[in-house]
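Here is a short report on selected local features of one protein model. Please look at the sequence and the structure first.

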Amino acid sequence: MAYTERPSSKSFDPHSHAAIELPQGLAQNGGRIDVGNLGLLRPSAPWLPLDELRRRFEEDGYLFVKGLLPCEDVLDARENYFKAYANTSLLQPGSSPRDGIFNSASHPDLHKGIGGQGLPADPVEAKILIDAHSDSKYRAFVEHPALTQFIRLLMGWKQHVLLDRTMLRHNVPFGMGTGIHYDKLFLRGGDGYCLTAWVPIGDISINGGGLCYLEKSVALGNEIEEDFTTRAAGFTTEQRLSAYNVNMMAGGMLAKSPDEFVSDHPASKSQKWLATSYEAGDVVFHHPYTIHASGRNEDAQGRIRLMNIAEDTTCDVMTLAPNANDVKMLEENAFVPAHSTRAFEYVDETPELAALYAAETTIGAEQTDAFPSHPTRQIEHGGIRSSERIWDEPRLSAITTPLSADLPSPQSQNQATQAQLSLEEACLIRYFVESLGLWFDLCDPERHFAVVVPQRARICAPLLDAILSASARHFSTLPQQRQLAITQQYGLKEGLAIGEESMLAYHSRSIAGLRAASQEPNAIMDENLLAAVVILRFYEELDSPFTDPPSDTAIRGLQVFLEAQASSAIQTCHGLRSSAFWVGFRQEFHMAISQRRSFRIPLSTVAHYLPTRTSPDHVWTNRLLIIGAHVIQYCFPPVHFPEQSPGQRSTLYEHLLNLRQSWAASAPSSFTSIYTTSASPSERLFFPQQWFLNDTHIVAMQSLGLIDLLLATHDPHVDRLRPRMSHRRALAVLDEEIRTTVREICGVAVANRQSPTAALTASLAVVLGAEAFREASQAEKDALLAVVRGIKAESYYFPGEGMEGVILGVWGKRDSFLSL
């Protein structure tokens, strides 16, 4: 399957959303809403500041988050659900379960779903619908880490409990939808606060039966519930809690139609019903008193609307008793909207579904094999500590594309046909292992590129060719005498020299091999090919560090491997897939800065990658690179990003600055240098030096410096391009800040020459901060140039020549376009 058929998470485009056209009318059960009473839901990007997201939730009673979940995970869940109906009359014959197209020859009334509709007429279909709620893949999807972590951050909850009683609903075209209601109707056992997450499992057109919300309806929902409470004063506890008591309609709904609802509640006539087109990956969170209903499914393509409802609470322990519920809340530092609550009991909308959960009435109860319990770990982010399930790899395979479906097992690898290498190829493989592997394994304690990748390459031709290509490229930059000396160390009497012709041949073969391999089914999820991609991107770093290649080049095309495997890679902090992804992420961090462009790996895929106090150091470094990627997007916004007002940019800048400060304050003490010395310009020692024991710490400290340079040079409070007299002092302070940061980054490189990339990062810092050294002494300029020239002298990394040219251009020409 080609990658274009399997998109990753869709990024939020407000212009695209604004272009959604409202239909002339929107059907609901028992009636139709005129276009004059319709509006669009307000979309929100998941990367907006938490305070803004919370403000919108409080103001609107809902939060419509675009692209929160990886698109592929959502579509996999859709396909998994409809596969179970393969031998029923629900689906269009010959159609794909992933599309979920309704059988046009069947009648909608035969295929009812949960939500006041009853159950399907066919007992087989009814059993499938009920059993789907305990399916292991569905239960794993419900607890998707992107969803649960976002909820905790949004609400400020230290812990949460996902209610076992979720609702998995499908709604066929022209069938009955969900009537007008608010969720508190089904959560009356006390006054506990629950947040509902409504997850469309697949795309839903605006007239495809998606959820509609009555605008600003929380107050009205509260008012209606208070009236019900007053009228139920004489009821028994059981009657009072029921959503089906004598005061309620069948199914617990508030009205049979939109017109009847307005008739019962005239004040709502001025309130519009808000609808939208949903895409796989979107999620809507709403308040327990927000009034809503589904539209009638009139999808032109005949798609079955499939969605999931899950309720989250801040409960730590829940026990159910005959007459009362006791829920211990963890409210400290939590964002709990108005009308917060402390206890609840769930009332199922369908009796058959209630029977399914009859044995699962306590959170601590023993769980089924289909949904095993998992230990939790503590997470801290932005001052908020929370707990998260630890996801083991079998669990992950339930919510992502199979991680190794097409990869040979270790046993089969031993039996696979291994490549027969020429002498030159064997030398290049050895050179990769002994020299270049260090460049890739900087933040990988398991050293996958030096240990695992060469063995995988013996049975994976594209990976072998990628290694040969990158190794030949770097080896060819060495002086011939150096090449001969290295190969003589390998035991070759005469030595061996590799020229540009061999290098180009290996590169062409590698690109062609990857193109061919990418046509194979599921190739886009092959971790061997992902490793090959990041090795080829190393070639790109060598060849054109300051040039952004055209979008149609092979290297840019290979970006899709990184995007496709991102979701799977970040679920675990070990394995080749994870190692290769983070190498690619680090490459993108440096390439985006050097080319002054936006970050191309979708940041939604790493939005919930959060270290804990016990996380290994490389996880902390990866998190810092994510913060750096967001800083890059701020400094070099993608062309499709909406233009921001000065106030918005200032707010975002402060948010990024806070993230940077929070990371620095929370990072483990192991990131502290073991020895430091101060600069001494009088002795021509211009750089303070810090010794580190680990490449991971070196990468982190230098990346922190690069982030500081970007933030300093793009501070919205200082206009560097058109300075006014009143800004001179501010500019002087800013320039000194830049000089200090560049010196620190260079000092790390000088003091840690064992790190293969430290000098390269320092050289990049000199390029970024060159403008601030325009008036520096010649001695300090020489020291800076020595760092840059040292790349080639010590690491044979020839882009140092290009960097030197850039720096000299800035120093010699005041209006240089390269100035920041």
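Where is Phe 174 found?

## Basis of the model

This is a predicted model, in which local features need pLDDT of at least 70, side-chain atom pairs count only at pLDDT 80 or more, and totals for chains, interfaces and linings use all residues. Residues are numbered from 1 along each chain as its sequence is written, and side-chain values use heavy atoms, with hydrogens and water left out.

## Two loop residues with positive phi

Phe 174 is found in the loop between strand S7 (167-171) and strand S8 (194-200). Helices (H or I, at least four residues) and strands (E, at least two) are DSSP runs, numbered from the N terminus. Phe 174 is not a glycine, yet its phi is positive, about 65°. Its relative accessibility is 44%, so Phe 174 counts as partly exposed. Buried means under 20% relative accessible area, exposed over 50%, and partly exposed in between (1.4 Å probe, protein chains only).

Arg 596 also has a positive phi, near 50°. Its loop runs between helix H21 (576-594) and helix H22 (617-635). At 25% relative accessibility, Arg 596 counts as partly exposed.

## A helix pair

Helix H13 (residues 423-440) packs with helix H14 (residues 448-457) at an angle of about 120°, and their axes are 8 Å apart. H13 is therefore oblique to H14. Angles under 35 degrees count as roughly parallel, over 145 as roughly antiparallel, 65 to 115 as roughly perpendicular and the rest as oblique. Axes are lines fitted to C-alpha atoms, for helices over the stretch in contact, and angles run from 0 to 180 degrees between N-to-C directions. Contact means heavy atoms within 4.5 Å. From H13, Phe 432, Val 433, Gly 437 and Phe 440 meet Phe 449, Ala 450 and Pro 454 of H14.
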